[in-house]
Structure formats: structure tokens, C-alpha cells
Amino acid sequence: MRSIPRGAGINGENDAISPSSMILGNDRRMLLLKFLQDNNGKAELREIVDFIAENEGQNDRKHRKSVYVSLLQTHLPKLERAGIIKFDHNTVTLLKVPEDVDVYMEVVSKHDISWSTFYSGVSVLFALLGLWLNNIPLVVISAIYFTLSIIQRFKTYRVISRSK
């Protein structure tokens with residue numbers, strides 16, 4: 001996968017990150033991509049600003065302006081340089097999303113639980129049901145799903161923490 005130069009690191013050394021890490025490392029970029037994916041890959045900047053401000057829980061004029069400025073000065077140029085979007089006359093068009101982003105991109109609202117946590121809980125409930133019904137295949141399958149959900153949870157947080 002192609003790396004994108006990020007500039008000088010903390011200690012002055014140059015470091016590079018992959019497009020997927022760059023996207024996953026910022027909530028606004030993830031929300032931007034989610035909005036574009038939900039809207040057939042094309043949206044007006046104003047609509048994106050409103051969506052992000054609403055998802056961040058602050059929809060007042062001052063916060064929307066802050067979102068607008070950060071998108072215009074930071075996030076849109078980074079995504080455009082990576083070839084992920086095209087920004088032209090206040091219209092943002094989704095060109096492509098790196099393959100591994102969809103695997104990890106999980107936009108969770110402040111009071112929601114992640115999918116991996118949900119699947120872990122459901123797996124535990126089915127394992128208990130299997131034990132209660134004395135159904136060993138159900139217990140085994142539940143244990144497999146529980147293990148996979150835990151692995152997914154660790155992968156997600158490892159990718160996000162690596163990109164910060």
C-alpha cells in the first residue's frame with residue numbers, strides 16, 4: 001500500500017502513514033467518509049459540515065464554523081492528496097476508499113456500543129443458552145464467534161492507536 005508523507009515527527013524525523021491509518025486516526029475524516037458512502041459518494045461541503053457537527057453533539061454556529069475550517073484547511077486536502085476524494089467548488093466526491101478501511105471503520109456514537117462488543121455479548125448469551133439446553137455445538141460455535149469478536153476489537157483499537 002502506498003504511504004503518504006506526514007511530515008516531520010515529534011523528534012524531527014520524517015514518518016509516513018498509510019491512507020487507511022490516516023483516515024482511521026481522525027473522527028472527522030471517518031465521519032466525512034461515512035457521510036459520502038451513505039450519499040452515493042457525493043455531497044456538498046455544507047451538508048458534510050452539518051452532519052459532522054451534529055455527530056459531535058454541537059450544532060451551534062461557532063462549532064459548525066470550526067468544523068468547516070478544519071475540513072477546508074486540513075482534512076479535505078489530506079484526503080485529496082491521498083487520492084481518496086476530489087474537492088471542487090464546495091462539492092466533495094468520493095473516489096475510492098482504501099480496502100482495509102472498511103474493515104476497521106466503525107463510527108460509534110457517544111452512548112452506543114461497538115459491533116464487536118455487541119457480537120461478544122450475543123455470543124456469551126448463546127453460549128449460556130447452549131449450556132442450559134445442553135447443546136454442545138451451540139456452545140462451541142458461540143465460543144468461536146466470541147473469539148472472533150475479541151480479535152476484531154483488538155485489531156480495530158490497534159490500528160486506531162497506531163495512527164495517533
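Predicted model: local features only at pLDDT ≥ 70, side-chain atom pairs only at ≥ 80, totals over all residues.
Local features are reported at pLDDT of at least 70 and side-chain atom pairs at pLDDT 80 or more, whereas totals for chains, interfaces and linings use all residues. Residues are numbered from 1 along each chain as its sequence is written, and side-chain values use heavy atoms, with hydrogens and water left out.

Strands E4 (residues 85–88) and E5 (residues 91–94) run antiparallel and are joined by four bridges; pairing requires at least two bridges found by DSSP. Helices (H or I, at least four residues) and strands (E, at least two) are DSSP runs numbered from the N terminus. Within this pair, Leu 94 of E5 stands opposite Ile 85. Two residues lie between the strands of the hairpin, in which His 89 adopts a positive phi near 50°.

Helix H3 spans residues 45–55, and its buried residues include Leu 45, Ile 48, Val 49, Phe 51, Ile 52 and Ala 53. Buried denotes under 20% relative accessible area, exposed over 50% and partly exposed in between (1.4 Å probe, protein chains only). The buried residues of H3 pack against helices H2 (27–38) and H4 (61–81) and against strands E3 (42–44), E4 and E5. After H3 comes Gly 57, with a positive phi near 85°.

Ser 70 belongs to helix H4 and is buried, with a relative accessible area of 15%. Leaving aside neighbours within four places in sequence, Ser 70 is in contact (heavy atoms within 4.5 Å) with Arg 28 and His 75. The side chains of Ser 70 and Arg 28 form a polar contact at 2.6 Å. A polar contact is a pair of N or O atoms within 3.5 Å; within protein, one must be able to donate a hydrogen and the other to accept it, and residues adjacent in sequence count only if both atoms are side-chain atoms.
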